[in-house]
Amino acid sequence: MLDIGALIQRWQAGDERAAEALYNHHRDSVFRLAHGLLGNAADAEEVAQDALTYALVNIHRYDPGRASFATWLHIITVSRCRDQHRRRRLPSLSLTAWLQRGRDVPDPAPWPERHAIQAETRSQVWEAVQALSRPLREAILLRYWAGHTYREMAEILGCPVPTAQSRVRLAYKRLRATLAPADLVGLREEEVG
Amino acid sequence: MNSHLSDEQLIGYNHATLTDAEREAMDSHLADCPGCRARLAEHEALQRRIHHSLLADLRTVRPSPDMKFAAIAPGLKRQSGFVGLWRRSGQLVPSAMALAALAGVVIALIGLIEGAGQPPVGITQAHAVPLPMVACFLFAIPVIGNYYESRIVPLRSVASGVLAFILWAGTAVLGLYEIILVREMLFRIRARFWSSSGGHGMDYWRAVALGNWAVLPLAIVWIALVIGGGEYHYKRAGQRSSWKLFGWTIAVEVLILVMALLV
């Protein structure tokens, strides 16, 4: 079992191996949360790398009495994902894309291909979660995937506990409305078969 | 509780968002009502499905091999020196930075009014540039601080947006002031180096005309930079790229101020 507290102390004392251990221990979790919130691997990787860098550089800001290290990382990750959403909302023109109009698009690298295959095999639940609004998607992922308490969620989302609770309930209701008809269709098909 | 439980109640029950009293009342109803128990079980099944699907979906995604500690390690070392000390010193309070920037705007405005009130009629410098220099210094404090500190958590983006707006307005005011300075510099250059009469008579008025004509293209450039810069900062308010552009803007403005002292 990794002693996160000891690693944090060692990194605060300047031991870079402790920083690497913290990074490796939380990398996948941070990346997956960002992926769930943003819906694509490229943005998620950028955000996750940024969040981990920020956390390690600002380790002196971490207060163990307020939240676990994993929760603190999720606070930073959610904040970064919101920034990313804000950037996406603003109208922008990509000069690179404009300059490359009409040119042959190079073959994608193996890694994006792999992500594309993964995307095809994702579940209906995933699609339904991605269709939720940002606040509801945050709530459902933090509760159902990360397993945070409502108090932790309120800390991460920067809202009161009752708001975190109502967002989870509302997100669940939306998912139920999306997923239930599909279930019924499946049952009817089974009956016909 | 004789009537059946509503979906709202069942969802609250399953999501542990009820008070103890509400939960106890529902427990007693559920003990006697198989219909509500069945509906509760349906909700539980859907909850399990959502939970397991999300776990399974996100278990399959992994970061690329490029996302490794080695990629950020140089950045960690770089930021643990002077910048680390700067951060820990607690000087980067947003309100203090906004105050510095606001003071810079006021000083730049005073400098602009003073500069505009003086005619460009001297072979030597008409006026010094201490106020705009002070304004540049005040703008540089939040820009340098935020360049390294902008990636912080909630609500900072709002403060950053306000700060970016103040800095945008301040650098625009400085830009106006510098149009006057460039006009004077052109006048002095023309009067000193291309004048047979030592900057008197017709040569004097030609030098004045050169300075005045230069104002038109300078004003067009200024408008383009203010609009273009404003759009850039609007899209990237609070991001490092925005602070970086502010840094370059201030550096260029300081350069023009220094040149005005030398020419």
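Leaving aside residues up to four places away in sequence, A:Phe69 touches A:Ile4, A:Ile8, A:Leu22, A:His26, A:Ile59 and A:Tyr62; a contact here means heavy atoms within 4.5 Å. This is a predicted model, in which local features need pLDDT of at least 70 and side-chain atom pairs count only at pLDDT 80 or more, while totals for chains, interfaces and linings use all residues. Residues are numbered from 1 along each chain as its sequence is written, chains are lettered from A and ligands numbered from 1 in the order in which they are written, and side-chain values use heavy atoms, with hydrogens and water left out.

A:Phe69 is also among the residues with the most contacts inside the largest nonpolar core, together with A:Leu56, B:Ile50 and B:Leu54. That core has 67 residues. A nonpolar core is a set of buried Ala, Val, Leu, Ile, Met, Phe, Trp, Tyr and Cys residues joined through side-chain atoms within 4.5 Å. Buried means under 20% relative accessible area, exposed means over 50%, and partly exposed lies in between (1.4 Å probe, protein chains only). A second, separate core has 30 residues, including B:Val105, B:Ile180, B:Trp243 and B:Phe246.

The whole structure holds six aromatic pairs over all chains. Rings of Phe, Tyr and Trp (its six-membered ring) pair if their centres lie within 6.5 Å; planes under 30 degrees apart count as stacked, over 60 as edge-to-face and the rest as tilted. A:Tyr62 and A:Trp72 form a tilted pair, with 5.4 Å from centre to centre and 45° between the planes. A:Tyr62 lies in the loop between helix H3 (41-57) and helix H4 (69-89) of chain A, and A:Trp72 lies in helix H4, so the pair ties together parts that are ten residues apart in sequence. Helices (H or I, at least four residues) and strands (E, at least two) are DSSP runs, numbered from the N terminus. The rings of A:Phe69 and A:Trp72 are 5.9 Å apart at their centres with planes at 40°, so this pair is tilted. Ring pairs link A:Tyr62, A:Phe69 and A:Trp72 into a cluster. A:Tyr62 is buried, at 12% relative accessible area, and both A:Phe69 and A:Trp72 are buried.

Over all chains there are eleven salt bridges. A salt bridge is a side-chain nitrogen of Lys or Arg within 4 Å of a carboxyl oxygen of Asp or Glu. Three of them are listed here.

| Residues | N to O distance |
|---|---|
| A:Arg10 and A:Asp15 | 3.0 Å |
| A:Arg134 and A:Glu138 | 2.8 Å |
| B:Glu8 and A:Lys173 | 2.5 Å |

A:Arg10 and A:Asp15 are linked with A:Arg17 in a network of salt bridges. A:Arg134 and A:Glu138 lie four residues apart in helix H8 (residues 134-145) of chain A, about one turn of the helix. A:Arg134 is partly exposed at 29% relative accessible area, whereas A:Glu138 is buried at 2%. B:Glu8 forms its salt bridge with A:Lys173, and this pair crosses between chains, from helix H1 (residues 7-14) of chain B to helix H10 (residues 161-192) of chain A.

Chain B has ten helices and zero strands. Buried residues make up 42% of its 263 residues.
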